[in-house]
Amino acid sequence: MSSKRVLEVLLCVIVVVACSSVKSEAHLQVGFYDSRCADAESIVKQEVAKAFNDDKGFAAALLRMHFHDCFIRGCDGSVLIDSTSDNVAEKDSPANNPSLRGFDIIDNAKTRLESLCAGVVSCADVLAFAARDSIVITGGIGYKVPAGRGDGSISLASDTANLAPPTFNLEQLTAVFAAKGFTQEEMIILSGSHTIGRSHCTAFSNRLYNFSLTTPQDPSLDPAYAATLKQLCPPGNDPDLVVPMDPSSPATLDAGGYYGAILKSRGLFTSDQTLNSTVDSANIVKQNNACPQQWKNKFAAAMVKMGKLDVITGAARDVRLNCRVVN
């Protein structure tokens, strides 16, 4: 082994040890349902596994759903609420529809939980458990989920304007995450979730055909990869066409597949490739690629942190009996 590689391995080990301990905040509690509904987490895990066996893409869908829930009004399950005649909910905004899916998985778990422990397990916690289980089932690091979240009663499509679109550059992404208390490094770590799942062609077709007035194709995109994408996504913006986010391993949460692609100018979204646009951000990308185990540990820590965003706890905690409907 070369001296350079030895140094990389030692650095990875040092950072893994530093990041391996994840503490939960007092208002959320690991094992919250142990005495309230002991089978809560296992039931959610079973439903995630069942769905994954039918369609491996559901793991990425549930992970993305948790992210889109937490970044809008906090982790309160509001993304699960259906629209009504007088309100367009989050799930029906352009940012979420038709790209978000897997709501039936949450419904199935919730139905089982209500029959076993009526009014006990919140939809927000079901979604947090499902995201963790999706990470584990695709090869990521398992982590304990601090629970006790309450469910929200407000879901507005207009709020999703605060979500970062795939066209954002590094500065814009950093600002969006900083507003939620995340560092640029944590943003880049969480972006690694794009190593699993799929994307609609419409989310990146501008990079292939309409990048600028003078340059139809994004010059930062590897030409060979662009040619492949053009075959899969011909002009016309067919909303039903999808491609894997990480063609090398679309159902495996691995650092090399995502960060390695970025280093080869094969990041699918502008928001992916932009992570390699400055010296500091590129160094983080290289570090994640070189130290996959370190990245998995950091990713788990960042997921726990994200799951604490603006949670409803204590006396204000409410549990929706149906995740799609406000009580």
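What follows is a tour of selected residues in a predicted model, moving from one selection to the next.

A polar atom of the Glu 186 side chain lies 2.9 Å from the backbone nitrogen of Thr 183. When neighbours within four places in sequence are set aside, Glu 186 is in contact with Gly 181 and Lys 305.

Lys 298 is buried, with a relative accessible area of 11%, whereas Glu 185, at 31%, is partly exposed.

Next, follow helix H13 (residues 292–306) to Met 306. Is this residue, Met 306, buried or exposed? With a relative accessible area of 1%, Met 306 is buried, since the cut-off for that class is under 20%. Display its surroundings and, leaving out residues up to four places away in sequence, you will find that Met 306 touches His 66, Phe 67, Cys 70, Phe 71, Cys 75 and Phe 182.

**The annotated position, His 194**

Now move to the loop between H7 and strand S3 (198–200), where His 194 lies. An unreviewed UniProt entry lists His 194 under "binding site". His 194 has a relative accessibility of 24% and therefore counts as partly exposed. Apart from residues up to four places away in sequence, His 194 touches Met 245, Asp 246, Tyr 258, Phe 269 and Asp 272.

**Salt bridges elsewhere**

The structure holds 17 salt bridges, and two further examples complete the tour. Select Arg 324 together with Asp 107, whose closest N and O atoms in their salt bridge are 2.6 Å apart. This pair links distant parts of the chain, with Arg 324 in the segment after H13 and Asp 107 in helix H4 (residues 103–116), 217 residues apart. Arg 324 is partly exposed at 22% relative accessible area, while Asp 107, at 16%, counts as buried.

Finally, select Arg 132 and Asp 133, whose side chains meet in a salt bridge with an N to O distance of 2.8 Å. Both Asp 133 and Arg 132 are buried.

Conventions. Residues numbered from 1 in each chain as written. Predicted model: local features only at pLDDT ≥ 70, side-chain atom pairs only at ≥ 80, totals over all residues. Heavy atoms only, no water. Polar contact = N/O pair within 3.5 Å; in protein donor to acceptor, adjacent residues only side chain to side chain. Contact = heavy atoms within 4.5 Å. UniProt positions renumbered as here; feature names shortened; annotations may be inferred. Helix = DSSP H or I, 4+ residues; strand = E, 2+ residues; numbered from the N terminus. Buried < 20%, exposed > 50% of the residue type's maximum accessible area, 1.4 Å probe, protein only. Salt bridge = Lys/Arg side-chain N within 4 Å of Asp/Glu carboxyl O.
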